[in-house]
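Biologist: Hi! Could you walk me through this protein, one step at a time?

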Amino acid sequence: MEVFNGAPDNIDARLPKEKKVYEALASLNIEYTRVDHAPADTMEDCIAIGDALGAPVCKNLFLTNSQRTKFYLLAMPGDKPFKTKDLSKQINSSRLSFAEPEYALKYLDITPGSVSMAGLINDNECAVQLLIDEDVISSEYVGIHPCVNTSTIRLKVSDVLKLAQSTGHSAITVKL
């Protein structure tokens, strides 16, 4: 896999939601490296991508409460187990489950397999609460998809938080 600095040269050939991520990063003067690849459908795919980028690719889960009134985007290491019971206690939300794909599309303009913290740039209502595992927060770099799973970008965790804050989102650190 070839690693590139910054956005693709042919940015207009990219999907609008991916292009929007590159534009948001440029407006915040956030530097990043990028790799383009076949669709990354599994964490095994993401491990190889992370090796090429020199940063682990986050596992991102889009969750909701049982009433479908609160939505959460959880960023966590790919090799960590996830137990809804443990997370529910930390955020005072009962019966967390995976949100239906239509909610990810509605709030984040993301489809399954492409869930990413970059999608927060599309959540103008701040309907989604960002949750980040302490191991991700303590890392220097992280790999995330720019709203599509055919590219991955490596950026500093502090810059991911800067991107989230620029959209009105704050992060809650959790321990999984």
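**Pockets and a helix**

Modeller: Let's begin with the largest pocket, whose volume is about 410 Å³. A pocket is an open set of points on a 1 Å grid over the protein atoms alone, where a 1.4 Å probe fits, with protein on both sides within 12 Å along at least five of seven lines; lining residues have an atom within 4 Å of a point. The volume is the space filled by probe spheres set on the points, joined across faces, edges and corners. This is a predicted model: local features need pLDDT of at least 70 and side-chain atom pairs 80 or more, while totals for chains, interfaces and linings use all residues. Residues are numbered from 1 along each chain as its sequence is written, and side-chain values use heavy atoms, without hydrogens and water.

Biologist: Which strand gives the most to the lining of the largest pocket?

Modeller: The lining has 24 residues, and N60 and L61 are among the closest to the pocket's centre. Helices (DSSP runs of H or I, at least four residues) and strands (E, at least two) are numbered from the N terminus. With four residues, the top contributor is strand 3.

Biologist: Which helix gives the largest share of the lining of the second largest pocket?

Modeller: That pocket has a volume of about 240 Å³. Of its 16 lining residues, P56, V57, C58, P77 and G78 are the closest to its centre. The largest share, five residues, comes from helix 2.
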